[in-house]
Amino acid sequence: MDLVVSRPEGLYCPQGDFYIDPWRKVDRAIITHAHADHARVGHNHYLCAAPGEGVLRTRLGNISLDTLPYGASTTHKGVKISLHPAGHVLGSCQIRLEYQGEVWVASGDYKVAPDLTCDAFEPVRCNTFITESTFGLPIYRWRSDAEIYAEINAWWAANAAEGKASVLYGYSFGKAQRILAGVDPSIGPIVCHSACEGLNKAYREAGVKLPDTATVSEVLDKSVFKNCLAIAPPAAQGAAWMKRFGNAYSDAFASGWMQLRGGRRRRNVDRGFVMSDHADWPGLMRAIGATGAEQVIVTHGYVPVMVRWLQEQGLSARAFETEYGGEGEGEADSKADEKAASTDVVE
Ligand SMILES: [Zn+2]
Ligand SMILES: [Zn+2]
């Protein structure tokens, strides 16, 4: 019995007549998290995890939205629905569906390592697990956040000592707040691009502790631009927003893709910090194993590699064609990154 099937509109539960993260307009949508490839405008009715309400409304505006606390359940047309932390970004959830004793879990995007800005990933037992595979190659292994924050702080402190701003590119929802939550604000002032600032506000309102930040237009004392940490989405690179930092700044990019050889050079930045909001290879293995699922369906990322690997482990594995992988670090930034990734595996 399939509790989730693939339809042109998105992943669909026929028994409950609703969709999971649909990419076309539908009547009822359950949303795993507020990244744009999973949460789109135009559905008649939305359901998300309670901690994700603020960020979802920040991104989608005035929508018809119900929320469920993590672990609570609701029943719709006989399908019991509950939402469980996915550890990806604030409010991200795995969707657990139960119908006549059969249990399926759709993960959305997830990571298993702890994150200061969201609830920790919760393993959920199921018959079928629908998983992402964004970093589903054995080369992807993340270090601890403590090590990454120490690297970022050292880079910022060294630049500040030389009278240079430290411009750090990271996606405006999720990555920006995770960086903020762990850096050392005693090094200097922190400036954020306005694209990040609205989401910072939603995080703070949800109770996530972030240091004080200001947008560039709020900065009256221009000497701030000589020693600040400035956090901006990748699109700000080379844009007018950069002008206030003059020519004497250092820049860096924070993404799982920075693990690729040449990733930093292709991004044309001084530094690359390997920080991802997705599970690395061991994390994917651990998460999939903990579900106890006999069937695994892979939605996006390195799909054929993951499907073949799971089949070799004796599991029933297949893929769903989806339109996920478009926002945040959801997909390699270019064909060159993809190519470099597969080359790195071979070597
Ligand atoms: Zn995501
Ligand atoms: Zn995604």
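First, some housekeeping. This is a predicted model, so local features need pLDDT of at least 70 and side-chain atom pairs count only at pLDDT 80 or more, while totals for chains, interfaces and linings use all residues. Residues are numbered from 1 along each chain as its sequence is written, and chains are lettered from A and ligands numbered from 1 in the order in which they are written.

**Helix α2**

Helices (H or I, at least four residues) and strands (E, at least two) are DSSP runs, numbered from the N terminus. Helix α2 covers residues 145-161, which is 17 residues, and spans 24 Å from its first C-alpha to its last. That is close to the 24 Å expected at 1.5 Å a residue, where the expected span is 1.5 Å times one less than the number of residues.

Which residues of α2 are buried? They are I152, W156 and N159. Looking down the axis of α2, these buried residues fall within an arc of 65°, so they line one face of the helix; the arc is that of the directions from the helix axis to the C-beta atoms. "Buried" here means 20 or more other C-beta atoms within 10 Å of a residue's own, "exposed" means 12 or fewer, and "partly exposed" is in between, with C-beta atoms placed from the backbone. On the face of α2 turned away from the buried side you'll find the exposed residues A146, E147, A154 and A161.

What covers the buried residues of α2? The cover includes β12 (165-169), α3 (175-182), β14 (229-232), β15 (249-254) and β16 (271-273). Zoom in on I152, in helix α2: it counts as buried because 22 other C-beta atoms lie within 10 Å. Leaving aside residues up to four places away in sequence, I152 touches I179, V183 and F273, where contact means C-beta atoms, placed from the backbone, within 7 Å. I152 and V183 sit 31 residues apart in sequence, yet 7.3 Å apart in space, C-alpha to C-alpha. Just after α2, G163 takes a positive phi of about 75°.

**The strands**

Strands of a sheet pair through backbone hydrogen bonds, either parallel or antiparallel. Two strands count as paired if DSSP finds at least two bridges between them. One open sheet has 5 strands in the order β13-β14-β12-β15-β16, with parallel pairing. β13 (190-192) and β16 stand at the edges with a single partner strand each, so one side of each has no neighbour in the sheet. The twist averages 25° from one strand to the next, with axes fitted to C-alpha atoms and angles running from 0 to 180 degrees between N-to-C directions.

| Strand pair | Bridges | Partners |
|---|---|---|
| β12 and β15 | 5 bridges | Y169 and F253 |

β5, helix α1 (residues 53-60) and β6 form a right-handed β-α-β unit. Right-handed means that, with the strands pointing away from the viewer, the path from the first strand over the helix to the second runs clockwise.

**Two loop residues**

K77 has a positive phi of about 50° although it is not a glycine. K77 lies in the loop between β7 (73-76) and β8 (79-85), and is exposed, with 11 other C-beta atoms within 10 Å. N268, also not a glycine, has a positive phi of about 60°. N268 lies in the loop between α5 (263-267) and β16, and counts as exposed with 10 C-beta neighbours inside 10 Å.

Methods
Two residues are in contact if their C-beta atoms, placed from the backbone, lie within 7 Å.
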